[in-house]
Amino acid sequence: MPEHENISPNDGQKWWFVLNFIRPTISPKDSIHSAIDTFNSSSPRVELFAPKILHMEIKKGEVKACERPLTFHYVFVRGTFDDVKSLCGQPNGFSFVLDKSTDRRYATLSDEAMESFRIIARSYENTLPFYNIEDIDLQAGDLVEVLDGEFAGIKGVFIPKPKSKRGNIVLSASADLGTIAWNVEAQQVRVLEFAKCSKRAYDQIDAIIPKLFAALRKYHDGAPLTRNEITSLQVFCRRMECVRLDNQKFEAKLLAVLTSAMMVLGNVEQAKEYAARYERRSRAITNPQTTALVDLILGIAYKDMDRVREGYRLTDGLSKSATGMLRALSVEYRHYLNCDN
């Protein structure tokens, strides 16, 4: 919620101002971002945060993804009072949100409060209620709900086709004469329950790491993830909630990956739970390469660059005949630490 502060026009301090944005009718094609870019054309004066969420809806029988503002017509602009007042004085759709108890009280957020709100906004942004089958790795035994086609609304078990990401959905319906099964093709599904036992858990952990690396770079830079990037992390995290590993080393590695992925997705509370479980099992990790991996992904997730530097020092002591993972680790470390060697 906004903090109502008595803003002095002359203090020169930067605040996050809560503003209305109503698209002006005189230039309906102008977006909120273009209005800010125009205002900042001479030099960067204000910063904009206008969070959106990805909403899935069915139009004319097709499921489509569309973006909608998270906070209706409210946006957040960081700058001095004079700069934000100048922005609102132009015919661009911005206006102050006022506290009517005084003439000079404006709805604002401190930098600290804004960071907390950004985390919450990421969590909403990264909520996808259902998926395109082409975007996810369904497995035999996943319980899904069909969202399109003539069998929309029916639930069933996914059965993959050999050597293909696609598959059939086997639907069972009780009848007086017994059980009836249909094979149904679907483009869009909602995953109701992942298969209880994943036979490829170790492979899936290794396969998600390059995708996690790419997502962490965007997270570090404050850039939004694409729908496919969000989907990959979400599905991995949800599936791995069901998996139980009989190897403490792999379980510790998995918990570190889950912690980092949850931080990227904005689910801080779930990340705390995984982090606590990881700490209880962290001593099981004795491989320096795995330790370096964990230091990197948790260091970036929690903005702990000391841990990142410590992990990078570990890679120096590893064999020059590097594995593919070690080479990938070195690339990521150099990206964050600007190392030339």
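Colleague: Are Phe76 and Phe117 buried or exposed?

Modeller: Both Phe76 and Phe117 are buried. This is a predicted model, and buried stands for a relative accessible area under 20%.

Colleague: What makes Phe76 and Phe117 a tilted aromatic pair?

Modeller: Their rings lie 5.0 Å apart, centre to centre, and a pair needs centres within 6.5 Å. The planes are at 50 degrees. Stacked requires under 30 degrees and edge-to-face over 60, so the pair of Phe76 and Phe117 counts as tilted.

Colleague: Why is this pair said to tie parts of the chain together?

Modeller: Because Phe76 belongs to strand 6 and Phe117 to helix 3, parts that are 41 residues apart in sequence.

Colleague: How do you know that Tyr202 and Phe250 form a tilted pair?

Modeller: The centres of Tyr202 and Phe250 are 4.5 Å apart, with 50 degrees between the planes. Tyr202 sits in helix 4 and Phe250 in helix 6, 48 residues apart.

Colleague: Why are Tyr202 and Phe250 called partly exposed?

Modeller: Tyr202 has a relative accessibility of 32%, and Phe250 has 30%.

Colleague: What makes Thr259 buried?

Modeller: Thr259, in helix 6, has 1% relative accessibility. The cut-off for buried is under 20%, so Thr259 qualifies.

Colleague: How do you know that the side chain of Thr259 makes a polar contact with Ala275?

Modeller: The Thr259 side chain reaches the backbone nitrogen of Ala275 at 3.2 Å, and the limit for a polar contact is 3.5 Å. Beyond its neighbours within four places in sequence, Thr259 is in contact with Ala271, Tyr274, Ala275, Leu298 and Tyr302.

Colleague: Why is Phe72 called exposed?

Modeller: Its relative accessible area is 66%, and exposed means over 50%, so the label holds for Phe72. Phe72 lies in the loop between strand 5 and strand 6, with a phi near 55 degrees, a positive value in a residue other than glycine.

Colleague: And what makes Lys303 exposed?

Modeller: Lys303 has 53% relative accessibility, which is over 50%, so Lys303 counts as exposed. Its place is the loop between helix 8 and helix 9, and its phi is also positive, near 55 degrees.

Note on methods
Residues numbered from 1 in each chain as written. Predicted model: local features only at pLDDT ≥ 70, side-chain atom pairs only at ≥ 80, totals over all residues. Heavy atoms only, no water. Helix = DSSP H or I, 4+ residues; strand = E, 2+ residues; numbered from the N terminus. Buried < 20%, exposed > 50% of the residue type's maximum accessible area, 1.4 Å probe, protein only. Polar contact = N/O pair within 3.5 Å; in protein donor to acceptor, adjacent residues only side chain to side chain. Contact = heavy atoms within 4.5 Å. Phe/Tyr/Trp six-rings, centres within 6.5 Å; stacked < 30°, edge-to-face > 60°.
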